[in-house]
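Colleague: I have a new model on my screen and would like to learn how to read it. Could you walk me through some features?

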Amino acid sequence: MPVTDEHARIGVFVCHCGKNIAGTIDCDVVADYAKGLEGVVFSSHNLYTCSEAGQTELKKAIADHRLNRVVVASCSPKMHETTFRLCVADAGLNPFLMEMANIREHNSWVHSADPKGATRKAMDQVKMAVSKASLLRPLQPIRVPITKRALVLGGGVSGMTAALNIAESGHEVILVEKKASLGGMASLLDKTFPKVDCTSCQLQDLVNKVTSNPRIKVLTLSEVKEVSGFVGNFNAKILRRSTYVSELCTGCGLCLDACPVTIPDEVLGSMRVRKPISLVSSPQAPAPSCSGRSAWDRSTVHTSSMPVGSRVAVIDKEDCTSCGICARRCPMRAIELDHPSVEENHEVGAIVVAIGFELFDPCKKPEYGHSKLVDVVTSLELERMLSPLGPTHGNVARPSNGEVPGSVAFVQCVGCRDDKSNPYCGRICCLITLKQVILLKEKYPDLDITVFYIDVRTGGKEYEKLYAEAQRLGCRFIRGRPSSVEGGDGDRLIVRSEDTLTGNSLAESFDLVVLAIGMNAPEDSKIVSAMLKVPIDPYGFLMEAHIKLKPAETVVDGVMLAGSCSGPMDIPSSVSRGHASASKVISLFSKDEIELDPIVSHVDLSLCKGCLACTKACPFQAVRPIEVAGGKRVEVLASLCKGCGTCVAGCPYGALDQYHFSDEQLYAQIDAALETDPTDKIISFNCNWCSYAGADFAGVLRLQYPPNVHIIRVMCSGRVSSKMILRAFEKGAGMVLVAPCHPADCHYISGNAWAKKRIEQARNLMSRREINPERLRFVYVSAAEGNVYQRAIIEMTRLLERMKRGEVSWGVEKVLQEART
Amino acid sequence: MRDELIENGAPNLTRCIQCGTCTASCTVFELDRSYNPRRLIQVFLVDDASSEIPKAWLCSTCGVCTERCPKEVWPMDVMLSARGLLVRSRPPKDMPKDRLRSLISISRSGFAYGKKSGLKARRLTLKLPEFDLDKSQLEQVRELLMPSFGKKLKRQVDEV
Amino acid sequence: MRCDGLYSLFLGCIVPNLFPEVERAVRDTLSKLDVEYSDARGTACCLPPALFGFNKDAWLKMNLRNFGLAKGDFLTVCDECFASLQDARASIEREGGKALPNVFPFVMALKGVEGAIEDRVKDPLNLRCAVQHSCHLLRPSSVRKVDDPESPRLVKSLLEALGCEYVAQEDEVGCCGGSICAGSEISSKLAIRRIRGAEDARADLIVTTCPHCLRHLGAHSKAMPVLHLAQLHALALGSNPSEIGTKGVLR
């Protein structure tokens, strides 16, 4: 019930916290003082308010004295805010009607040398909390329903793992794959490290599980085109491309033979051509392992290895000339070349992005000759040669003459660790090369193999063994990055390098050169990033919410990441992340509703002029323009709002405000703090995540500083407007400090950048009103920088002393006098 | 040594990971193994380079190393920076004689090369204009150039 | 990029002092193609770091003086001058912010009037040309921005427009050794390698755009002619062979 409808009945509870508070602050005096404050009908002090006994007392007091607001003067709210909220809720009060005064971390622990000053400050802190408490309103958490269906983008290893996990926990999954069949890049591999075991067996198992799971709807040849909504409530528009072949297809392959069009294969480069028609493993009746064909490798040979009933034809219209020969040839009349693509809408509650990676284009390194010299191949092209399902039936042959090479060179770090292409390390290329060396030596024991490297990187379980094995098998390792691969020794290739460990100059000839190319971000990452508002890094990889602690989520609630779309990684890591993203989805779906924090902003349409300044300040698209009868206005989407208050502070008309951190409440705290001896005081605006925690940390470390600073908690420094700062000076504040997060650390992405702008505005206003702009400070404080906060307060207090002594100018005397009277 | 090199025109010196691409592409190393740019850079980075720094004069300045280096070290600039330090030192250390002669020539005529014999007449026949610097222009050039010369070099200029 | 007005001709040290015929060829070519220019009188050596090292103070001051004498964008006939002036300009602008005239090498000036060349060359030269590509013109490509450093096309297309045949070389963009300090065995070996390569490929001559290469290769060649690109252009545009140094040199 709003307190304006009835009198405030505030209860104040001052905690001793054993000796932690009481050792410095006279809690009795503080509790006594509180009794005299407006609205306070009950005040007490006790030993440990958070203990069972303390909480029982609190609840009893609420009942006995019909309290409708509670102030707990104790430790930091970051310690026990939740505890006391639950406590008052238990006693029948709305949990948001409780306010804390931090008289431990921000007082007794940091002012232990000055008990009198600490006690005076504690009284002020209680006064501030009481004035805010009388303005608190009950708030209900925002509850949104959850559609318990997941959308997975990408049918590779990580996507399939995520889909399977989510389905097995009882929820529906829509798995969208751009190509005609599942498997991703892994389906192109012959064997994988570290065990050098066959990929297709394991992969086929996964594909089978996914396609046979009744909860997973597999949409191949499909792409997500548009996504709207928010966590728990997304709407996805999916384009389903036609294969132009109906279910009547028996997989006989006559259409493939008849098709007259050939195109150079884009994935597998120089080695072969393909046709617009391919035969793929039927999603409905997957082929048994080892004969599984992936649409990723549309080879025109080897289709006979697949049992007829398990494969279907698929036509890729991009390269098809629509000549119609295939349709005429088909005995089942299964080909419909004008079959339209279809758009579908799906409602989902969570999205897993698993769009995989692409390989570096070796033509970008012309000195290695991939486009000019046909015997220079990439590691993937070699992999396809090694695979018995590949174009050369598992025989490694020189593309120039089809003969088995006598000597092979591997060039590492092509398109990696290279400022001219990708500066990062490809992570798996060393291992792929070692694996391929082992496979080659198995097939061709007399083959001469040389690896040209900068470093051999084998980070991972069981990986170093591969290096030793390759050495044992007689592979030569030369530490020297080649400068070029050229033709010249007859039909052989010359690799020029320096052996940096001996200082020798090498220009050796080889029959075959393999370029170990790195993993790049997929082209589609830009599209997906724009569509889902997930940021991408400078190399195009999608960004996790936190690179260490939140690898499976993004900054967008409800959108998870899995696999190599977030960076180069091996299969175990992709699979892990598939599991991780699934667990975030399952945990989201474990509730019936999502409860969102109600400390959001809201707009008064009668004051809003539609200038849209607020829409620019919100990085979460929570504030949006709308059209109403009177013209443009804005609306706040509470379910997207994160509660930073940056939009509020930027509204020139005061149309926006924030629940639980309203202008009225913040001003009340400022006024209360500056009621007595304002010119001695520093008002410090600290953001919940960094500087408030930083000041707490100063307390933990018992770093001492003068007690003349009053901290006002905001969720984000972006909440602080120039008007708020000026108000503090109008009320006579000696100095004002705004302490945001360091530039890249803002919990709300850009709030601290806006704070910086507003500080500058404030300084301009101060100069115009002849208030010394030095009285306003802007200091970056992280949660770990207790010492930085301490130093800032000490310095500011020194300046304050000099102003009081007349050594430095205050500014306009008039303002001060007004404040003193 | 390392910091001086960085200061004098090789700001990316410390980015080197010793991959060897520069040496692999080096025009000179191919014919003379004693000039090894990668090794020189390592010496500059971690060692007392004073005995090896004159090797920087062996570079052909073809620039292929810089073109191919994956770390933007600009190896050719490292060599040029080293040369600059040697020229600055008094006396100019180990400077090849032909370069010394060129510097002296510039401070006397403004040009690094002397005239071929019969040039004046030939230019007249070919109807080519005068290109010599006049006295005040030469003064300007000397003022700009000679503060970077050591005492010995200055003496050599005046002698000839 | 093209020069918008008059070029300011920067001759450098070698051409006016050692190769006056090349200077004649350059002037004839420019005027026959209606490329307007004036002489940058009073300029002195551009002190290439490639020759003298980064003697920064002297280098920047000398070139600031040179730029002060420019009456338009510089047009260089020596590629080491081009590189030195381009780098000095970038360095000065980075530190002082003073906008200086641009620098163009001879090949880019020719590229700018490709159409005129086609019109005015009546009889093709029919020569087999091996090219010594200039290191300082091409590299580092991120700065020079003239041509593809691995497969350069500019000189090739200019030669073909003159009716010449471009003879590919084994070490296409390799160095001639001309900027290696004098007395080095290696610089001779590199020059001889280039000349032999041209001989093996039955080229009629070696063409270059830089007087350093010209001087160096010329000094090591007995029979194989070594010419500056300007000399071929001047010949094709009708200049007197005895004035541009091609008389008795080409068959």
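Modeller: Helices (H or I, at least four residues) and strands (E, at least two) are DSSP runs numbered from the N terminus. Please keep in mind that this is a predicted model, where local features need pLDDT of at least 70, side-chain atom pairs count only at pLDDT 80 or more, and totals for chains, interfaces and linings use all residues. Residues are numbered from 1 along each chain as its sequence is written, while chains are lettered from A and ligands numbered from 1 in the order in which they are written.

Colleague: How many bridges join E12(A) to strand E17 of chain A, and in which sense do they run?

Modeller: Strands of a sheet pair through backbone hydrogen bonds, either parallel or antiparallel. Two strands count as paired if DSSP finds at least two bridges between them. Here E12(A) and strand E17 (residues 342-348) of chain A run antiparallel and are joined by seven bridges. E12, residues 233-240, also runs antiparallel to strand E11 (residues 222-230) of chain A, with eight bridges. In that pair, A:Gly229 has A:Phe234 of E12(A) as its bridge partner.

Colleague: What lies between E11(A) and E12(A)?

Modeller: Two residues separate them in a hairpin, and A:Gly232 in the turn has a positive phi of about 85°.

Colleague: Which residues of E37(A) sit on each side?

Modeller: In a regular strand the side chains alternate between the two faces of the sheet. For E37(A), A:Met735, A:Leu737 and A:Ala739 are on one side, with A:Val736 and A:Val738 on the other, and all are buried. A residue is called buried if 20 or more other C-beta atoms lie within 10 Å of its own, exposed if 12 or fewer, and partly exposed in between, with C-beta atoms placed from the backbone. Strand E37 (residues 735-739) thus has five of its five residues buried.

Colleague: Which strands pair with E37(A)?

Modeller: Strand E35 (residues 682-687) of chain A pairs with E37(A) in the parallel sense over five bridges, and A:Ser684 stands opposite A:Leu737. Strand E38 (residues 776-778) of chain A also pairs with E37(A) in the parallel sense, over three bridges. The chain crosses from E37(A) to E38(A) through helix H20 (residues 751-768) in a right-handed β-α-β crossover. Right-handed says that, with the strands pointing away from the viewer, the path from the first strand over the helix to the second runs clockwise.

Colleague: What is the strand order in the open sheet of chain C?

Modeller: Its four strands follow the order E6-E5-E7-E8, with parallel pairing. The edge strands, E6 (165-167) and E8 (226-228), each pair on one side only. Inside this sheet, E5 (residues 128-132) and E7 (residues 205-208) of chain C pair over four bridges, and C:Cys129 has C:Leu205 as its bridge partner in E7(C).

Colleague: And chain B: how many helices and strands are there?

Modeller: Chain B has nine helices and zero strands. Its C-alpha atoms fill a box of roughly 55 × 35 × 25 Å along the principal axes. Of its 160 residues, 46% count as buried.
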